[in-house]
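Here is a short walk along the backbone. Keep the structure open and follow each stop in turn.

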Amino acid sequence: MRTNILFNDNWQFVKPGTDPLAVTLPHTWNAEDGTDGGNDYFRGICLYTKEFDAPEHADGEEVWLEFEGAAITATVTLNGQELARHAGGYSTFRVNLTPALAEQNTLTVAVDNSANRTVYPQRADFTFYGGIYRDVHMLVVPHSHFALDNHGAPALRITSNVAENLQTATVIAEAFCENVLDGTPITFTIPDVMEVRTPVHNGRAAARIALNPVHLWDGIADPYLYNITAALPSGDEVAVNFGCRKIDFKPDTGFWLNGKNVRLVGAARHQDRAGLGNALTDAEHEEDMQILREMGANSVRLAHYQHAQYFYDLCDKYGLAAWAEIPYITEHMPEGRANTLSQMEELVLQNYNHPSIICWGLSNEITVTGGVTDDTVENHRLLNDLCHKLDATRPTTMAHAFMLDPNDPFVQLPDICSYNLYYGWYLGELQQNDEFFDAFHKEHPDRVIGLSEYGADANPAYQSARPERGDWSESYQAVYHEHMLKMWAERPYIWAMHVWNGFDFGADGRGEGGKPGQNQKGLVTFDRKVKKDAYFIYKAYLSKDPFVHLCGRRYANRAESETEIKVYSNQPSVMLFVDGKEFAAQDGDKIFKFTVPISGTHEIKAVAGGCTDSMTITKVDKPDASYRAEGQVENWFDKPEELVKEGYYSIMDSMADLQKNPQANALLTKIMERAGASYGDVAKNVQMPEAVQRQMAKMPLQSLLKQAGKAVPPAMVQQLNTALNKIKREC
């Protein structure tokens, strides 16, 4: 018999310079300092210690520990004897305690998230939480048992091959075992389908199973799962779920599932939450899944590392197509090559059985800080080959930074392509996203292309009647995503589109947008309490459940005498009521806009298809200052007549023009360094290719300064403009 004991209770935690603290796992030491800004969260070595009695076990049985996640490097010691060291903070690893086990035991786990050059991630726009932040299990198994010393992977590996007619499937079930003699029978059972015995040879047994007819795993439409069990004569037994499906990717039509073209749209997700850091329980994972399902998502990018097995299980259960990846991100470290390979091996082997996973991500924006080098390319070739060796059933992909030239051969290295684009947020205009895809598809018609990241930061406290890029308003984020969904809908060749991000997340290096320590591109807030307006435009496009949503409910105080009331719905018509009276009816498609005169406090109600939503707004004398980001430049910023001095430079000039004058360029360099500092470590090392630099150079300095927020406060912008007004233009 195999015994599985949850091992989360009665741990002592010691951080350097502090007294021992009793903790229950999951636990991280960065739940607070990793999400408050300043890029000063503790990164170092902390100790977890647990005293325990040996579990009941017979002579010859073995006792193991299974860690689902300890970040980022863990060294396990039992009774003074070091038993294992694991480098990689997001994957499962197991330790055989048997050689050092006594009646009474002291277990110590030294966990290290300090900066180094060999273990990924080391530079990225998210917090590298330290701790034993997932469950730990104690396993007691017979001497002859299913494999545990196998890169943290399940002992069962299931490969299905669905016939072209989609009516039948051939399944190869492999079981791996340890201390088992050749010829020992293993019994494979699929309840109500089959039972077969197969002998072990060299630690492996394999059975070929025909499913006729086969019940397909068909995404969110019908995520059917089979369950298979393998049993040894020793009494050890293991089971896994699996699904049978056929996937394909085509340059003109994107993703195909079981012979049907499926347009994949969803969100990326980080595994953290306000107040908890990354020490999540099943309840938090389940809530995130339900939020994505309510939105209508049929896909999720699980970034930028291996996520909890429980969340992959949820993807299987509910039918979301998942992108899985390792934390090979932002900065290529030549010294870290071996670690990328070991983390990829664990990712593929541990998650091979999940039908929801449709691709393996090799890296994310890896060229941002160092460009494309020979060593970077070779590292990716090795990863690509490793994925194909371990799994011939799924393609590889990469998420390229928008700064990487689409014609660079490096773009074509994986099986399918994806880009992270931020036109309309960090730089440029929204229309440039459309232009990028049109150009890529025209120049590379035989390549599969997707949109792996895009987004705009939004603090729900910030509102605007005239939203614009860089204002961090909920209003602009909604406008941004309206455009991106329309862009996607008109381009059927985009194989998947994943919003960055489904949820706000911890990024301690950030200090802008009114919430230090957070990246606010999520459609839902860090605490999951507020679904921002942009969430509901996705629901309008993707969900079949009838709904209506009034935008701007947090824009309660309005200074304009006529205001726009915007409604999102997946119904064909909306009726608007003002103060209980019918105001107007409108037929439309997802987005409905009404212009409403206001003079006091008004009750607004929208009705569509039997659904209703209500809010209250009030006419005020002047704009509510709390609706603007701290340090955001006031109205004078948008008045050229107050900025421009004839014959002299100003912030209305393009960066290219300012760079031509040595005095103006010196001022420009200083102010841009200050603006970049607000985005943390990553921004300091970003390398912009010439094409992007030329694009940025055409933009007026004013446009870039608006997005700098409190990093470049209004007084400083005024001083800069005054200084530029003293520099004569060259004839």
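Backbone exceptions, loop by loop

This is a predicted model. Most residues other than glycine have a negative phi, and most peptide bonds are trans. The stops below depart from that pattern.

Begin with the peptide bonds. Tyr120 and Pro121 are joined by a cis bond, with omega at about 0 degrees. Pro121 sits in a loop. Strand S10 (104–112) lies on one side of that loop and strand S11 (131–132) on the other.

Now go to Trp500. Its bond to Asn501 is also cis. Here omega is about 15 degrees. Asn501 belongs to the loop that links strand S31 (494–499) with strand S32 (505–506).

Turn next to phi. Asn202 is not a glycine, but its phi is positive, near 55 degrees. Look for Asn202 in the loop between strand S17 (194–199) and strand S18 (204–211). Is Asn202 buried or exposed? The relative accessible area of Asn202 is 62%. Exposed means over 50%, so Asn202 is exposed.

The last stop is Arg528. Phi of Arg528 is near 70 degrees, again a positive value in a residue other than glycine. Arg528 also lies in a loop, this one running between strand S33 (518–519) and helix H7 (533–542). Is Arg528 buried or exposed? Its relative accessibility is 7%. The cut-off for buried is under 20%, so Arg528 counts as buried.

Asn202 is exposed, whereas Arg528 is buried.

Key:
Residues are numbered from 1 along each chain as its sequence is written. This is a predicted model: local features need pLDDT of at least 70, side-chain atom pairs count only at pLDDT 80 or more; totals for chains, interfaces and linings use all residues. Side-chain values use heavy atoms; hydrogens and water are left out. Helices (H or I, at least four residues) and strands (E, at least two) are DSSP runs, numbered from the N terminus. Buried means under 20% relative accessible area, exposed over 50%, partly exposed in between (1.4 Å probe, protein chains only).
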